[in-house]
Amino acid sequence: MDVIIYYLIGINIVAFVVYGLDKLLAKLRSWRVPEFWLLILVAAGGSVGAYLAMQLFRHKTLHWKFRLGVPLLFVLQAALVMYLRK
């Protein structure tokens, strides 16, 4: 179980940083992180980091894929973690 916790901490830090970087790149009108990879980070377990970054940086909050998908994946991931803890 410790490995799972460390993994989730790491992937959420990565998701937070990548979402923040994408917002910065958007402001600079530079190369962007494709939405596919942002969603892959969420699907890989980074839903908390992605959601926090979305709120803090006001990034991707108007896109339905992110506004609905990130919280939905969080609920599914939380349920999976609770199931695995048994």
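Predicted model: local features only at pLDDT ≥ 70, side-chain atom pairs only at ≥ 80, totals over all residues.

Visitor: How far apart are the C-alpha atoms of Tyr19 and Phe66?

Guide: They are separated by 11 Å. Along the chain, Tyr19 and Phe66 are 47 residues apart.

Visitor: Why is Tyr19 called buried?

Guide: Buried means under 20% relative accessible area. Tyr19 has 1%, so Tyr19 is buried. Tyr19 lies in helix 1.

Visitor: Which residues have the most contacts inside the largest nonpolar core?

Guide: They are Tyr19, Leu38, Ala50, Phe66 and Val70. This core has 13 residues. Helix 1, helix 2 and helix 3 each give two or more residues to the core. Helix 2 gives the most, with six residues.

Visitor: Which residues does Leu38 touch, not counting those up to four places away in sequence?

Guide: Leu38 touches Val18, Tyr19, Asp22, Val33, Lys60 and Phe66.

Visitor: Why does Ala15 count as buried?

Guide: The limit is under 20%. Ala15 has a relative accessible area of 0%, so Ala15 is buried. Ala15 is found in helix 1. Beyond four places in sequence, Ala15 touches Leu41, Gly46, Gly49 and Ala50. The C-alpha atoms of Ala15 and Gly49 are separated by 5.4 Å, although these residues are 34 apart along the chain.

Visitor: Which other residues of helix 1 are buried?

Guide: Besides Ala15 and Tyr19, they are Ile11, Asn12, Val18, Gly20, Asp22 and Leu25. The buried residues of helix 1 pack against helix 2 and helix 3.

Visitor: How do you know that the span of helix 1 agrees with its number of residues?

Guide: Helix 1 has 26 residues. At 1.5 Å a residue, they should span 38 Å. The end C-alpha atoms are 38 Å apart, so the span agrees.

Visitor: What about the span of helix 3?

Guide: Helix 3 covers residues 64-85, which is 22 residues.

Visitor: Which residues of helix 3 are buried, and what do they pack against?

Guide: Phe66, Gly69, Val70 and Gln77 are buried. They pack against helix 1 (2-27) and helix 2 (35-57).

Visitor: Why is Ala43 called partly exposed?

Guide: Buried is under 20%, exposed is over 50%, and partly exposed is in between. Ala43 has 49% relative accessibility, so Ala43 is partly exposed. Ala43 is found in helix 2. Leaving out residues up to four places away in sequence, Ala43 touches Leu73 and Gln77.

Visitor: What makes Arg29 exposed?

Guide: Exposed means over 50%. Arg29 has 78% relative accessibility, so Arg29 is exposed. Arg29 sits in the loop between helix 1 and helix 2. Arg29 also has a positive phi of about 55°, although it is not a glycine.

Visitor: And why is Arg58 called exposed?

Guide: The cut-off is again over 50%. Arg58 has a relative accessible area of 67%, so Arg58 is exposed. Arg58 lies in the loop between helix 2 and helix 3. Arg58 has a positive phi of about 50° and is not a glycine.

Visitor: How much space lies in the largest pocket?

Guide: About 240 Å³. Of the 15 residues that line this pocket, the closest to its centre are Leu8, Gly45, Gln77, Ala78 and Val81.

Visitor: Where does the lining of the largest pocket come from?

Guide: Helix 1, helix 2 and helix 3 each supply at least two residues. Helix 3 has the largest share, six residues.

Visitor: How many residues of that lining are nonpolar, polar and charged?

Guide: The lining has eleven nonpolar residues, four polar and no charged. Gly counts as polar here.

Definitions and conventions: Residues numbered from 1 in each chain as written. Heavy atoms only, no water. Helix = DSSP H or I, 4+ residues; strand = E, 2+ residues; numbered from the N terminus. Expected span 1.5 Å × (residues − 1). Buried < 20%, exposed > 50% of the residue type's maximum accessible area, 1.4 Å probe, protein only. Contact = heavy atoms within 4.5 Å. 1 Å grid on protein atoms, 1.4 Å probe; cavity = no way out; pocket = protein on both sides within 12 Å on 5 of 7 lines; lining within 4 Å. Points joined across faces, edges and corners; volume = space filled by probe spheres on them. Core = buried A, V, L, I, M, F, W, Y, C linked by side-chain atoms within 4.5 Å.
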